[in-house]
Amino acid sequence: MNDDLQRLQAAALVEIQQADSKIDLENLRVKYLGKAGAVSRLSENMRNVPKEDRPRIGKLLNEIRNAVTVALDSRLDALEAEGEVQNLSGVDETLPGTPFRAGGMHPLTLLQDRAVQIMRRLGFALADGPDIETEWYCFDALNTPENHPARNDSDTFYLPDGRLLRAHTSTVQIRTMVSNEPPVRVIGPGAAYRRDETDATHLNQFNQLEGLYVDRNVSVADLKGTLEYFVRELLGQEVETRLRPHFFPFTEPSFELDIRLPGIQEGKWMELLGCGMVNPAVFEAVNARRGDNAYDPEDWTGFAFGMGLERLAMSLFGLPDIRLLIENDQRFLAQFAT
Ligand code: DAH
């Protein structure tokens, strides 16, 4: 019996050492330790062992069971480790990794954010309004005559219910005043829409930045000082500016602000934004809608301005075609990523 047991253990350990798959190991576990396995069968044989030998044989059987169990477990560990090495054998861990491409802001967003930051430093708060507007907010309240060409449905996108896609962000001036008492200082960036043919210099959706400042005793000097500061902060101290008389129905007097930058468009003057002193007719329209006299033109004056972002981006970055700004071509956009 003793010898049988020794031989059984030796055979089991050799077989386990030679097993080269998990399935083989499982079969060996059944063969030796299973209910009908060799060790179990020997345990049952204890009946035939003389009484005085039983403790010793029993102890021996336990030792075999333990030794086989330990051998099975450690062979299993070894097989798993080998498998891992094999899985990695096709991998050259010395090769460089695949770098992540960091995203960046769109050039228009960069420009808009910078412009807004400058105005916020001057105490202007961010304001906005809906892209879908009524004719009243887009034209009537802004003192636009009934027969003004911008009202034509060849110029402005109208919805079947008579509402429209705002043709400028000046609607934000009205939205702000209808729901806030003076004084107000707001900056409103956003989309505007016009029925232009798309070409190298026109998009039918573009972006504007609207500004409005209403307080007591606001004058053209405030307009000029504020806008000159804004433009220098945005485009550099060396930029030259000039105010040129113009006409907008919602401001009186009205101006265009032109800029000239060394190295840009051969130093030619270019138009940057429209501006002017808020027309008292606009205050009256707001008062009528509010049902009070909060914007009494006798007490309050203000200036407003509106700037297109795409044309400015084109000049600043030397873009030959405005459509580059909406095509999402990574080769173009990546140049602005910081
Ligand atoms: N809304 C005008 C446009 O789209 C731009 C503009 C001009 C805005 C004068 C203003 C302003 O606030 O005072 O062409």
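**Aromatic pairs.** I searched this predicted model for aromatic pairs, taking rings of Phe, Tyr and Trp (its six-membered ring) as paired if their centres lie within 6.5 Å. The count came to eight aromatic pairs. The angle classes are stacked for planes under 30 degrees apart, edge-to-face for over 60 and tilted for the rest. Tyr137 is buried, at 9% relative accessibility; I use buried for under 20% relative accessible area, exposed for over 50% and partly exposed for what is in between (1.4 Å probe, protein chains only). I also noted a cluster of Phe124, Tyr213 and Phe303, linked by ring pairs.

**Basis of the entries.** I number residues from 1 along each chain as its sequence is written, and side-chain values use heavy atoms, without hydrogens and water. The model is predicted, and local features need pLDDT of at least 70, side-chain atom pairs count only at pLDDT 80 or more, and totals for chains, interfaces and linings use all residues.

**Cysteines.** I searched the whole structure for disulfides, defined as pairs of cysteine sulfur atoms within 2.5 Å, and found zero. Cys138 is in no disulfide, and the nearest cysteine sulfur, in Cys275, is 19 Å away. Cys138 is buried at 0% relative accessibility, and Cys275 is buried with a relative accessible area of 2%.

**Ligand site.** A polar side-chain atom of Arg194 is 2.8 Å from a ligand oxygen atom, and one of Gln208 is 3.0 Å from a ligand oxygen atom. Phe305 places a backbone N or O atom 3.3 Å from an oxygen atom of the ligand. On its own the ligand has 350 Å² of accessible area, of which the protein covers 89% (Shrake-Rupley method, 1.4 Å probe).

**Helix 8.** I took helices (H or I, at least four residues) and strands (E, at least two) as DSSP runs, numbered from the N terminus. Helix 8 spans residues 220-235. Its buried residues are Leu223, Thr226, Leu227, Glu228, Phe230, Val231, Leu234 and Leu235. Gly236, just after the helix, has a positive phi of about 120°.

**Further residues.** His106 lies in the loop between helix 4 (54-87) and helix 5. A polar side-chain atom of His106 is 3.0 Å from the backbone nitrogen of Leu108, and the backbone oxygen of Leu325 is 2.8 Å from a polar side-chain atom of His106. Gly123 is in the loop between helix 5 (107-121) and strand 1 (125-126) and is partly exposed, at 42% relative accessible area. Gly123 and Val186 are 63 residues apart in sequence, with their C-alpha atoms 8.2 Å apart. Phe255, in strand 7 (residues 251-260), is buried at 12% relative accessibility.

Definitions and conventions
Expected span 1.5 Å × (residues − 1). Polar contact = N/O pair within 3.5 Å; in protein donor to acceptor, adjacent residues only side chain to side chain.
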